[in-house]
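Please work through each task before reading its solution.

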Amino acid sequence: MSIVQEYLHRHSDSLLADLRLLVSAESPSTDKRAVDACGEVLQEIMVRRIGATAEIVPRDEYGDHLVFTVGQGSRRTAILGHFDTVWDIGRLPIKVEDGKLYGPGVLDMKAGLVQAIWATKALIDLDLLKDREIRFLCSSDEELGSPSSREWIESEAILCEQVLVVEPATSHTHALKTERKGTGRFDIKIKGRAAHAGNNPEDGVSAVHEMAEQILFLHGLNAPELGTTLNVGIAKGGQRTNVVADSAELNVDLRVSSVSEARRIESLVKEMKPCLVGAQISVTGGLIRPPLEYTPANQALFSVAQEAANALGIQIEGASVGGGSDGNFTSAVGVPTLDGLGATGVGPHAIYEHIIISDLPVRAALLAELIQRF
């Protein structure tokens, strides 16, 4: 066992205590007051454990983002994570059962943040940080698609040599996330012409009929062999059963594995034409998060992570996953990025969301070992 592993195992109870404190500070993305209160708890842990210099990035509508800096030198690494969650306050209890800690946002992704704090603390206390600067980029709106943090994250990332994303590991396999699909959304509004469904239906143009035709068109664009999926998640139209519907609306989810495929789909969807004479279609939206592709730079970073794991006597694999993260942004601007370095567990966004307690010091040691190799 390395000195870092031994250190983190020795302090595993304190690591768990910090995690329970952060999870107890519930932080649903849409509640700015709660998110900012959670940010204050995160600041307290950061300052107490690693003496980090804190910088608040204020936001009016969403929670404030936070930057923490530790160390100084010519080599700068970013640790990227978010402290907002999908859970309303009081929705999930915090409990320990069978070696697992359950709670709102414990896996996605407060455990990853606490592991990163303790990985850094181990490097500081063991005099292994050397001439490295670590910047923790902690955002407050990731679960909403990062509407107020994307540009900030990108501008911070380009000042760093690599970005380590402490989102949870892949469920069940514990693999790192070397590829993530890009995510997008389209909102499609359809306008028809109302008429009496019994007396003069021929005078109407059914927006619901047009909607049905467009759903078939959209699902026909699915190309799973290319990693492309479209899903019409919401379809609604009309007001009365005896009236030819004059309006309808579709909300569509997009997932793509490459930027080129995203551009192709965006073009096809935005150029949709009505099938019925007299119907009108308007499309808004597009790609929200670019894909995290397995670029040569990202491949090289993953290879370093495998070397770090081998040095600790563990093995890790890489995986491609469908969901996006803020790491998609940093990879897209050309900064080597590796995701899934957070906690092990199952159930992000599910009522059984939990982490495996015994793995907390193991994953923290992996992150510390990885940072030492830069």
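**Exercise 1.** Which residues in H2 meet which residues in H10?

*Solution.* The model is predicted, so local features need pLDDT of at least 70 and side-chain atom pairs count only at pLDDT 80 or more, while totals for chains, interfaces and linings use all residues. Residues are numbered from 1 along each chain as its sequence is written, and side-chain values use heavy atoms, with hydrogens and water left out.

Step 1. From H2, Ser 12, Leu 15, Leu 16 and Leu 19 meet Leu 360, Pro 361 and Ala 364 of H10 (contact: heavy atoms within 4.5 Å; helices: DSSP runs of H or I, at least four residues, numbered from the N terminus).

Step 2. Sorted by class, this contact of H2 with H10 comprises six nonpolar residues, one polar residue and no charged residues (nonpolar: Ala, Val, Leu, Ile, Met, Phe, Trp, Tyr, Cys and Pro; charged: Asp, Glu, Lys and Arg; polar: the others, Gly among them).

**Exercise 2.** Determine how H2 and H10 are oriented to each other.

*Solution.* Step 1. The axes of H2 (residues 12-24) and H10 (residues 360-372) are 10 Å apart, at an angle of about 95° (axes: lines fitted to C-alpha atoms over the stretch in contact; angles run from 0 to 180 degrees between N-to-C directions).

Step 1. H2 and H10 are therefore roughly perpendicular (65 to 115 degrees).

**Exercise 3.** How many residues of domain 1 and of domain 2 are in contact?

*Solution.* Step 1. The domain assignment gives domain 1 as 3-180 + 292-372 and domain 2 as 182-289 (bounds from an automatic or database assignment).

Step 1. In domain 1, 13 residues are in contact with eight residues of domain 2.

Note on methods:
Helices (H or I, at least four residues) and strands (E, at least two) are DSSP runs, numbered from the N terminus. Angles under 35 degrees count as roughly parallel, over 145 as roughly antiparallel, 65 to 115 as roughly perpendicular and the rest as oblique.
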